[in-house]
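Here is a short report on one protein model. Keep the sequence and the structure in view as you read.

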Amino acid sequence: PPVTPLDDAAIAKQEEDYWAASRKEPSEAPFSALLRSGDFATLEQKLDAVQSDYETRKVGEGWVFAVFHTFQQAKLEEDVARWARERPRSWAALAARGISQHARGNRARGGRTVGETAPQQLAEMEMRLAAAERDYRSALAQRPRLLPVYSYLIDITQKRGDPQTARAVLEEALRQDPGAFFVRDAYIGMLQPKWGGSWEAMEHFAQSAQAHVDKNPHLVTLLGYTPAARAYERVLRRDWPGARDLYTEAMRFGREPIWLSMRAKAYEKMNQCPAAVADLTEAIRLDPTRAEFHAERAWCRKTLGQSDAAFEDYARAAELAPDPYWMVSGYATALEHAQRPRDAVAVYEKFLATHPDHAEAFEAMGVIYKQSLHEPDRAREVFKLVVELAPDRASAWRNYGDVLRQLHDDAAARKVYARYLELADTRDPIERVIAPTIRSYLATPPPASIAE
């Protein structure tokens with residue numbers, strides 16, 4: 001039968017209870033510290049305690065997921081591998097190594113479409129996924145209620161296009177815990193039309209889960225997954241009113257932070273930034289650790305002229321997630337627009353301290369030295385480094401040539417500009433305008449002193 005949507009009060013209570021419990025989940029810090037110190041025995045004791053508490057219903061499944069997600073981090077790869085080598089019979093070490101290999105496979109594959117991905121990248125991904133699957137199966141043989149492993153196995157089957165195995169994995173997980181949410185969350189995405197399913201299949205799956213809602217009230221949120229998935233298709237088509245309406249429909253069954261943030265995106269694109277800020281503020285209240293929520297709210301606040309509040313959000317985003325460059329770039333750009341170029345440079349320098357090969361960040365910092373700080377000597381040093389890091393980066397050669405002209409080094413500028421013209425893609429609207437100007441400059445005779 002049709003499921004009646006929750007009223008606002010019921011939604012608020014359900015989401016508040018769920019996210020309040022989520023905020024109490026253990027931090028990854030003590031687990032990663034034990035791993036890096038090599039104290040594997042204590043690490044295993046703590047992981048066993050979390051799993052046992054879940055199995056005896058002292059804590060929710062989210063605790064186990066939160067702890068084991070720790071081992072996805074690239075910086076822990078070598079430590080996880082050493083742990084599994086030294087303690088090859090440990091179910092915890094096997095699961096952690098599987099998760100680490102799984103993450104390495106995802107990083108090797110990258111985020112582009114299959115057609116844009118090199119065969120060797122796909123081959124490395126499959127090799128690592130196969131290794132992860134072996135470790136997962138070995139871990140489950142010892143600890144069959146280790147639910148995160150089932151979610152990771154479902155992800156592998158999705159990448160392989162194997163819905164039958166995915167269903168078998170799901171059913172085994174639900175035999176272990178009929179009220180499990182996260183494995184259902186992993187599986188329902190495979191039922192979307194783009195993966196060979198249908199909206200009706202998603203709705204049926206979500207409704208069937210309601211038989212266990214007494215065991216896990218958060219299962220009601222699955223009823224919003226179909227309109228949320230349809231809303232995301234509207235986002236891809238840039239149908240912002242349609243996306244807003246479908247995310248609103250999804251939120252009849254729960255105010256998921258990610259749905260709030262996506263509706264905020266629709267509001268922002270519709271020039272309704274106050275509504276966007278309201279949604280992002282609610283998303284942050286429910287899940288304050290998501291850096292992208294802070295960065296997105298910062299953008300909206302900057303648009304509204306709330307500079308101080310925007311800078312606070314950008315700083316918090318950088319603290320929570322120092323690696324995503326788009327957040328760093330947004331923060332630095334906002335500072336530069338606020339006539340704070342030194343602070344913008346400091347943001348880039350902090351990022352580059354841990355990403356010393358990031359050519360785009362170096363180039364952006366060089367542009368600030370060139371245009372805002374009027375320090376061409378420093379800009380020249382930076383652009384010289386950029387073209388060494390990324391010798392095919394046309395914009396870097398153009399900026400390098402510009403600063404050499406500022407320094408009246410015409411001979412060097414001409415050589416650098418010549419390289420820029422070899423690389424410039426005139427399909428790019430910026431280069432299409434600038435390249436003819438530089439060709440005209442090179443066509444003029446050099447000063448007599450240079451010609452001599």
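## Terms and ground rules

A residue is called buried when its relative accessible area is under 20%, exposed when over 50%, and partly exposed in between, using a 1.4 Å probe and protein chains only. V149 has 1% relative accessibility, so V149 counts as buried.

This is a predicted model: local features need pLDDT of at least 70, side-chain atom pairs count only at pLDDT 80 or more, and totals for chains, interfaces and linings use all residues. Residues are numbered from 1 along each chain as its sequence is written, and side-chain values use heavy atoms, with hydrogens and water left out.

## The whole protein

The protein has 25 helices and zero strands. Both are DSSP runs numbered from the N terminus: helices are H or I with at least four residues, strands are E with at least two. The C-alpha atoms fill a box of roughly 85 × 55 × 40 Å along the principal axes.

Of the 452 residues, 46% are buried. The accessible surface comes to about 22,200 Å², and 52% of it belongs to carbon and sulfur atoms. These areas come from the Shrake-Rupley method with a 1.4 Å probe; for residues, only the protein chains shown count as cover. Contact means heavy atoms within 4.5 Å. Among contacts with a separation of 6 or more, 56% join residues 24 or more positions apart.

In soluble globular proteins, nonpolar side chains tend to be buried together. A nonpolar core is a set of buried Ala, Val, Leu, Ile, Met, Phe, Trp, Tyr and Cys residues joined through side-chain atoms within 4.5 Å. The largest one here has 80 residues. L47, F68, F71, W83, L146 and Y247 have the most contacts inside it.

What does W83 touch, leaving aside its neighbours within four places in sequence? The list is L35, F40, L43, E44, L47, F71, S90, A92, A93 and A96. Apart from this core lies another, of 45 residues, with A359, A396, W397 and A435 among them.

V149 lies in helix α8, residues 147-160. Beyond its neighbours within four places, V149 contacts A95, Y136 and L140. V149 and E133 are 16 residues apart in sequence, and their C-alpha atoms are 9.1 Å apart in space.

A10 sits in helix α1, residues 8-23. Is A10 buried, exposed or partly exposed? Its relative accessible area is 31%, so A10 is partly exposed.

## Positive phi in two loops

N271 is not a glycine, yet its phi is positive, about 60°. N271 lies in the loop between α14 and α15. N271 is exposed because its relative accessibility is 71%.

Q339 also is not a glycine, and its phi is positive, near 65°. Q339 is in the loop between α18 and α19 (341-354). With a relative accessible area of 66%, Q339 is exposed.

## A pocket lining

By class, the lining of the second largest pocket has nine nonpolar, three polar and five charged residues. Ala, Val, Leu, Ile, Met, Phe, Trp, Tyr, Cys and Pro count as nonpolar, Asp, Glu, Lys and Arg as charged, and the others, Gly among them, as polar.
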